[in-house]
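Here's a quick briefing to read with the model open in your viewer. Have a look at the fold first, then work through the notes below.

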Amino acid sequence: MILVTPELRDQLRANHRARCAALRRGEPAPDPMPVVRFFNPLGPGTWLATEMDEDGILFGLADLGFGCPELGSFALEELESIQLPFGLGIERDIRFEGEFPLSVYAEAASRAGSLVEGERILRRGSAPGASTLSPDR
């Protein structure tokens, strides 16, 4: 599977350029919605990416399944090189559409101890008739 299509690459790079431009102007960095979601089809490992530089370094939220999702950088090349059993590799969630800014996903994942569980909480919270993110998980 191609992890980053040309369209996704364009969006990721545009977000990177916007962040760099804001920082050069002395403004706060934008808080974009994630553009792409990657996952390990055989176990823990989920990544949301909002931007990518010219060298293929992505920025976003990574959860390797240890209970402490974190914001940071990760290399597209490394994700592409992971070889899993049965000839599988890291996959791109082709149905993913970011619904919240990255900071919202990060807060929910931190509270839940898992990006996947944080996403579930956010979906429940954004359902019609739902209130806000519950502080008690």
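Start in the sheet: R37 has L48 in β2 as its bridge partner. What you're looking at is a predicted model, where local features need pLDDT of at least 70, side-chain atom pairs count only at pLDDT 80 or more, and totals for chains, interfaces and linings use all residues. Residues are numbered from 1 along each chain as its sequence is written, and side-chain values use heavy atoms, with hydrogens and water left out. Helices (H or I, at least four residues) and strands (E, at least two) are DSSP runs, numbered from the N terminus.

**Confidence**

- The protein has a mean pLDDT of 93, and 92% of its residues reach 70 or more; pLDDT is the predictor's confidence in each residue, from 0 to 100.
- Over residues 133-137 the pLDDT is below 50, and this stretch has 9 contacts in the model beyond near neighbours in sequence. Contact here means heavy atoms within 4.5 Å.
- Where pLDDT is low, the predicted coordinates should not be read in detail.

**The sheet**

- The open sheet is made of 5 strands in the order β4-β3-β2-β1-β5, with antiparallel pairing. Two strands count as paired if DSSP finds at least two bridges between them.
- β4 and β5 are the edge strands, and each pairs on one side only.
- β1 and β2 run antiparallel, joined by 4 bridges. Their hairpin has 6 residues between the strands, and G45 in the turn has a positive phi of about 130 degrees.
- β2 and β3 also run antiparallel, with 6 bridges joining them. T46 stands opposite D63 in β3, and M52 has L58 in β3 as its bridge partner.
- The β2 and β3 hairpin has 4 residues between its strands, with G56 in the turn at a positive phi of about 80 degrees.
- β3 is joined to β4 (residues 70-75) by 6 bridges, again antiparallel. Here L58 stands opposite F74 in β4.
- In the hairpin of β3 and β4, with 6 residues between the strands, G65 takes a positive phi near 90 degrees.

- How many residues of β2 are buried? The count is 7 of its 7 residues, so the strand is mostly covered; buried means under 20% relative accessible area, exposed over 50%, and partly exposed in between (1.4 Å probe, protein chains only).
- E51 is in strand β2, and its relative accessible area of 5% makes it buried.
- The E51 side chain makes a polar contact with the side chain of H16 at 3.1 Å. A polar contact is a pair of N or O atoms within 3.5 Å; within protein, one must be able to donate a hydrogen and the other to accept it, and residues adjacent in sequence count only if both atoms are side-chain atoms.
- Leaving aside neighbours within four places in sequence, E51 is in contact with L12, N15, H16, R19, I57, L58 and F59.

- L102, Y105, A106, A108, A109 and A112 are the buried residues listed for α3. They sit on the same side of α3 because they cover an arc of only 170 degrees around the axis; the arc is that of the directions from the helix axis to the C-beta atoms.
- The buried residues of α3 pack against β2, β3, β4 and α4.
- Just after α3, G113 takes a positive phi of about 75 degrees.
- At the start of α4, a side-chain oxygen of S114 reaches to within 3.3 Å of the backbone nitrogen of V116.
- In α4, L115, G118, E119, I121 and L122 are buried. Their arc around the axis is only 160 degrees, which puts them on the same side of α4.
- What covers the buried residues of α4 includes β1 (36-39), β2 (46-52), β3 (57-63) and α3 (102-112).

**Out at the surface**

- F86 lies in the loop between α2 (76-81) and β5 (91-92). Its phi is positive, about 65 degrees, although F86 is not a glycine.
- Is F86 buried or exposed? F86 is exposed, with a relative accessible area of 77%.
- P6 is in helix α1 (residues 6-24) and is exposed, with a relative accessible area of 56%.
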